[in-house]
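Reader: I'm new to reading protein models. Could you walk me through this one?

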Amino acid sequence: MPAFKPIEIQGYQHTRYWFDDGSVIVTVQTLSNGDLQEGTVLFKLHSSLLARHSTYFSRVLDGPATDRVELDNHLGSCIPTVTVPPALGVRVEDFVSLLEHLYHDTSLSSKAPFTHVASILRVSSPSQLDFPRLHELVRGYLEAMFPSGPVPFTHPDYLEEALALTTVYKIESIRKGIYYSLVTTTDFEAEEVGGEEVANRDNNLAVGQDSIVEDSKTRHTVLSSADVERCGKLMAGIVDHFTPILFTPPTTPHMACTDVFADKWMSLVIQSAISDGGVYKPLETLECIKQLDWAAEGLCPACVREKREEWTEEQVVVWEKMDCWLG
C-alpha cells in the first residue's frame, strides 16, 4: 500500500474542472512568461482518466508516496493530490485546453484554433505531462494547419509561435513554409532584448526536450536572431533567383505567341508584381501568372498549356531551392 500523508493546500478551485466525483486533486501554479507567479489553481479530476493516457500521471499516481488533502465538506475523508512541478513549465491555460479535450468539451482537429492545438502540443509533450498518443495526434494536426508544398500556398497566422513549436518538437515538414510566410508577409524583426537573453533562448531551443521548458520557448511572438538571419538569407535567395524570371518576357516556339508576351508582359505581370511586392513572392506571383487569360491575349492553346506547365515547374524549383537558401 502506498504511504500517504495529509497536507493542506491553498488555491483557487477551477470553476469547470472540479468534479464532485473526482478522485484526485491536481494543482497547477500559474506561470507568466515562464516565471512562477503567485497563485495556484486546483482541479478535481478522475485519476483513472489521467493515468490511462499520461505516462507522467500513471507514474506519479502509482508512486511509492502520494500526498493527500483533507476536504472540509467530506469529514474524515482524504483525496490524493498531485502538484505539477513548476519546472515542467505547464501553464494553467494549456492544462485547461488538455482537459477540454479529455472531457470532450472542445473538439480537436486541424480545424481547431491554433492556440488550442499549440497548448495541447506543449502540455502533452514528453517533457511536460507526457500523453504519448495525444502528442503524436496533435503533431499531425499542427502539420495539417501549415503548407508543406508549393501549390496551393496559404499564409496562416501565428507564424512566430508555430516556428518555435517546430523547432522544439522537430516538426520539419512545415518549417520551410513557415519561413517563406515570414519572409513574404512580415518584417521578420529580431527581439529587442539583451543579447544574452536572446542567446540563452537560442541555445535552449537547440537542446533536446529533456532539458527545455517548452512554454517559455514557444510562446514568443518575435523571432530569434538566428531565425531572422535565416529569413534574410531566404529573401536574398528568392530575389536573386526570381528577379530575372519575373522581368524577362518568356519565349515560345511560335513567333506570334512570343510577340504577345513581349507586348503584354510589362502591363500584365511586371507592373502588378511591383505594386504588390510580387518579386518577393514567387509562389504567389507564378500562380497569378498561370491564372491570367493568356488565350484572350492572343496565345495559342498549345503555348498556354506549355507555359502554365513551365510556371508550375518553376514553383517546384523555387520550393526545392529554399532548402539551400535557408542554410
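Reader: Which residues in α4 are buried?

Author: Keep in mind that we're looking at a predicted model. Helix α4 covers residues 114-123, and nine of its ten residues are buried. Here's the list: F114, H116, V117, A118, S119, I120, L121, R122 and V123.

Reader: Why is T27 called buried?

Author: First find T27 in strand β3, which spans residues 24-32. The cut-off for buried is under 20% relative accessible area. T27 counts as buried because its relative accessible area is 3%.

Reader: And which side chain does T27 have a polar contact with?

Author: Stay with T27 in strand β3. Its side chain has a polar contact of 3.0 Å, and the partner is the side chain of T83.

Reader: How many residues apart are F261 and W311?

Author: F261 is in helix α11 (residues 255-275) and W311 in helix α14 (residues 301-326).

Reader: How many contacts beyond four places in sequence does the model have for residues 193-217?

Author: Across the chain, pLDDT averages 84. Over residues 193-217, though, pLDDT stays under 50. For that stretch, the number of contacts beyond four places in sequence is 47.

Note on methods: Residues numbered from 1 in each chain as written. Predicted model: local features only at pLDDT ≥ 70, side-chain atom pairs only at ≥ 80, totals over all residues. Heavy atoms only, no water. Buried < 20%, exposed > 50% of the residue type's maximum accessible area, 1.4 Å probe, protein only. Helix = DSSP H or I, 4+ residues; strand = E, 2+ residues; numbered from the N terminus. pLDDT = per-residue confidence, 0-100. Contact = heavy atoms within 4.5 Å. Polar contact = N/O pair within 3.5 Å; in protein donor to acceptor, adjacent residues only side chain to side chain.
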